[in-house]
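Please look at the sequence and the structure before reading on.

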Amino acid sequence: MPGCHVTDQQMRLFMTLRQTHPVPVAAAKADISQATGYRLRTDPTLPSQKKTARGRRRADPLADISIPRLFRC
């Protein structure tokens with residue numbers, strides 16, 4: 001499913017199924033895409049054990065500018 005993160009449970013299921021099924025079949029049974037299956041095959045680290053993405057590298061240059069109430073979402 002596009003846009004959804006792979007869970008630890010999906011990863012464990014995929015790795016178990018991969019032992020007896022080809023990657024496309026194991027990925028389909030674990031409810032992940034075939035491309036994600038091939039990517040997970042090369043990096044077997046569970047998603048919860050991976051480092052989180054870094055935040056902003058530098059301060060937002062427009063943070064101090066006030067936006068009129070009319071243009072706010």
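The model is predicted. Its protein chain contains three helices and zero strands, and from the N terminus the order of elements is α-α-α. The chain has 73 residues, of which 21% count as buried. The chain exposes about 6,300 Å², and carbon and sulfur atoms supply 55% of this area. Of the contacts between residues at least 6 apart in sequence, 40% join residues at least 24 apart.

In soluble globular proteins, nonpolar side chains tend to be buried together. The largest nonpolar core of this model has 11 residues, including Val 6, Ile 32 and Leu 40. Two elements give two or more residues to this core, namely α1 and α2. The greatest contribution comes from α1, with four residues.

| Element | Residue range |
|---|---|
| α1 | residues 8-18 |
| α2 | residues 23-29 |

Which residues of α1 are buried? They are Asp 8, Gln 10, Met 11, Phe 14, Met 15 and Leu 17. The cover over the buried residues of α1 includes α2 and α3, the latter spanning residues 34-42.

Leaving aside residues up to four places away in sequence, Val 6 touches Met 11, Ile 32, Thr 36, Leu 40 and Pro 47.

Note on methods: Residues are numbered from 1 along each chain as its sequence is written. This is a predicted model: local features need pLDDT of at least 70, side-chain atom pairs count only at pLDDT 80 or more; totals for chains, interfaces and linings use all residues. Side-chain values use heavy atoms; hydrogens and water are left out. Buried means under 20% relative accessible area, exposed over 50%, partly exposed in between (1.4 Å probe, protein chains only). Contact means heavy atoms within 4.5 Å. Accessible areas come from the Shrake-Rupley method with a 1.4 Å probe; for residues, only the protein chains shown count as cover. A nonpolar core is a set of buried Ala, Val, Leu, Ile, Met, Phe, Trp, Tyr and Cys residues joined through side-chain atoms within 4.5 Å.
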